[in-house]
Amino acid sequence: MTKLQALVFDVDGTLADTERDGHRVAFNKAFSDAGLDWDWTVDIYGKLLSVTGGKERIKYFLKHFLPEYQPPADLDSFIADLHAAKTEHYKALMVDPGLPLRPGVERLLREARAAGMRLAIATTTTPANVTALLRNSLAEDAEDWFEVIAAGDIVPAKKPAPDIFVWALEQLGLPPENCMAFEDSDNGVKSVLGSGIRSLLVTVNDYTRNQDFSGATVVVDHLGTDEQPCKVLTGPELIKDRVDLDALQAIHEHAWK
Ligand code: XBP
Ligand code: MG
C-alpha cells in the first residue's frame with residue numbers, strides 16, 4: 001500500500017536558498033576571524049558544493065585549492081574549530097538579515113500540517129542551523145512541526161549516501177513507499193533514491209539548475225504561489241501553477257505506478 005503519509009524535506013537549497021548568502025558568507029567570516037585570507041567567492045563555492053558537509057568541504061578545499069597551505073598538526077580539530085565558528089556566524093545571519101523561505105514552502109508546509117500529513121527533515125547541515133532557519137524564517141515553534149529532524153553528523157556518511165534519509169525513515173517508522181522527498185541537488189537526489197524513496201520532487205536553484213536529477217519524479221523551478229506560478233522543468237505535467245496536496249498525491253501515484 002503506497003499511501004502518502006509523510007513529506008521529507010532537504011533544507012539547504014530546498015526550504016531556503018541558504019548557500020550563496022548564508023553558508024558561504026558564514027564560512028568567509030569564520031576564515032577572516034581566524035586570520036585566514038581564504039575567500040570563497042560565489043563561483044568557487046559553487047564548485048565546493050559538490051562536497052556535502054561544511055567540515056568535509058573545508059578539507060576538500062585545502063586539498064584541491066590550497067595544496068601548498070601547511071595546516072596545523074591536528075587538521076581535524078583545526079577544521080572543527082573553523083566550522084564551529086562558521087556555524088555561529090550562520091546562526092547570526094539567519095537572525096540578521098535573515099533569509100526568506102523559497103516560494104511556496106511555507107504554504108505547502110501549512111497545508112500539509114492542516115491535512116495531518118507527517119513532516120520530517122533530512123539534511124546535511126548541522127541541527128543548530130536548521131533550528132536557526134526554522135525559527136527565524138518560518139515560525140518560532142516551527143521545529144515542532146517536524147516529527148523528525150535528521151541533520152548533519154547524526155549519520156556516518158553524508159549525501160549522496162542514503163544514510164540520512166534511511167535514518168529519517170527509521171525514526172518515522174515508515175517504509176519508503178509511504179513517503180515523498182523534496183530535494184534541490186544531484187547529491188540529494190542520489191541520497192533519496194538510495195534510501196528506496198521513489199517519489200521525489202526537485203526544486204532547482206542557481207547552483208543546481210544544470211545538475212543531473214535522473215530518477216526524480218518531477219523537477220520544478222519552485223513550489224509556486226498565487227503570485228509566482230511554478231513551472232514543470234522535467235517530468236509529467238502533474239502540477240498546475242503550484243505544488244499542493246493534490247499535486248503531491250498525483251506525483252506519488254505516478255512514482256509508484
Ligand atoms: C547542504 C550541505 C551543507 C551546507 C553547509 O545541506 O551540504 O553542508 O552546505 O552546512 P542539505 P554545514 O542540502 O543536505 O540541506 O556547514 O552545517 O555542513
Ligand atoms: Mg540541499
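## Contact between the domains

Two salt bridges are counted between domain 1 and domain 2, a salt bridge being a side-chain nitrogen of Lys or Arg within 4 Å of a carboxyl oxygen of Asp or Glu. The model is a predicted one, in which local features need pLDDT of at least 70 and side-chain atom pairs count only at pLDDT 80 or more, while totals for chains, interfaces and linings use all residues; side-chain values use heavy atoms, with hydrogens and water left out. Residues are numbered from 1 along each chain as its sequence is written, and chains are lettered from A and ligands numbered from 1 in the order in which they are written.

The domain assignment, which comes from an automatic or database source, gives domain 1 as 6-17 + 100-256 and domain 2 as 19-95. Their centres, taken over C-alpha atoms, are separated by 26 Å, and the contact (heavy atoms within 4.5 Å) takes 15 residues from domain 1 and 20 residues from domain 2. About 1,400 Å² is buried between the two domains, 53% of it on carbon and sulfur atoms, where buried area is the accessible area (1.4 Å probe) that two parts lose on being put together, summed over both. Of the area that domain 1 buries against domain 2, Asp12, Asn129 and Tyr207 supply 41%, more than any other three residues.

Six residue pairs, both members at pLDDT 80 or more, are in polar contact between domain 1 and domain 2; a polar contact is a pair of N or O atoms within 3.5 Å, and within protein one must be able to donate a hydrogen and the other to accept it, with residues adjacent in sequence counting only if both atoms are side-chain atoms. Helix α6 (residues 127-137) gives the most to the side of domain 1 that touches domain 2, with five residues.

Helices (H or I, at least four residues) and strands (E, at least two) are DSSP runs, numbered from the N terminus. The buried residues of α6, among them Asn129, Val130 and Leu133, pack against α1 (19-33), α4 (75-95), α5 (105-114), β2 and β3. Buried here means under 20% relative accessible area, exposed over 50%, and partly exposed in between (1.4 Å probe, protein chains only).

Threonine 125 lies in the loop between β2 and α6 and is buried, with a relative accessible area of 9%. Leaving aside neighbours within four places in sequence, threonine 125 is in contact with Asp12, His23, Val130, Ala151 and Gly152.

In helix α7 (residues 163-172), Ile164, Phe165, Ala168, Leu169 and Leu172 are buried. Seen down the axis of α7, these residues fall within an arc of 140°, so they line one face of the helix; the arc is that of the directions from the helix axis to the C-beta atoms. The buried residues of α7 pack against β1 (6-9), β2 (118-123), β3 (148-151), β4 (179-183) and α8 (186-194).

Serine 195, in the loop between α8 and β5 (199-203), has a side chain that reaches the backbone oxygen of valine 192 at 2.6 Å. Not counting residues up to four places away in sequence, serine 195 touches Pro162, Phe165, Val166, Leu169 and Pro176.

## Backbone geometry

A cis peptide bond with omega of about 15° joins aspartate 96 and proline 97, and the peptide bond from lysine 159 to proline 160 is cis as well, with omega near 10°. Just after α7, glycine 173 takes a positive phi of about 70°.
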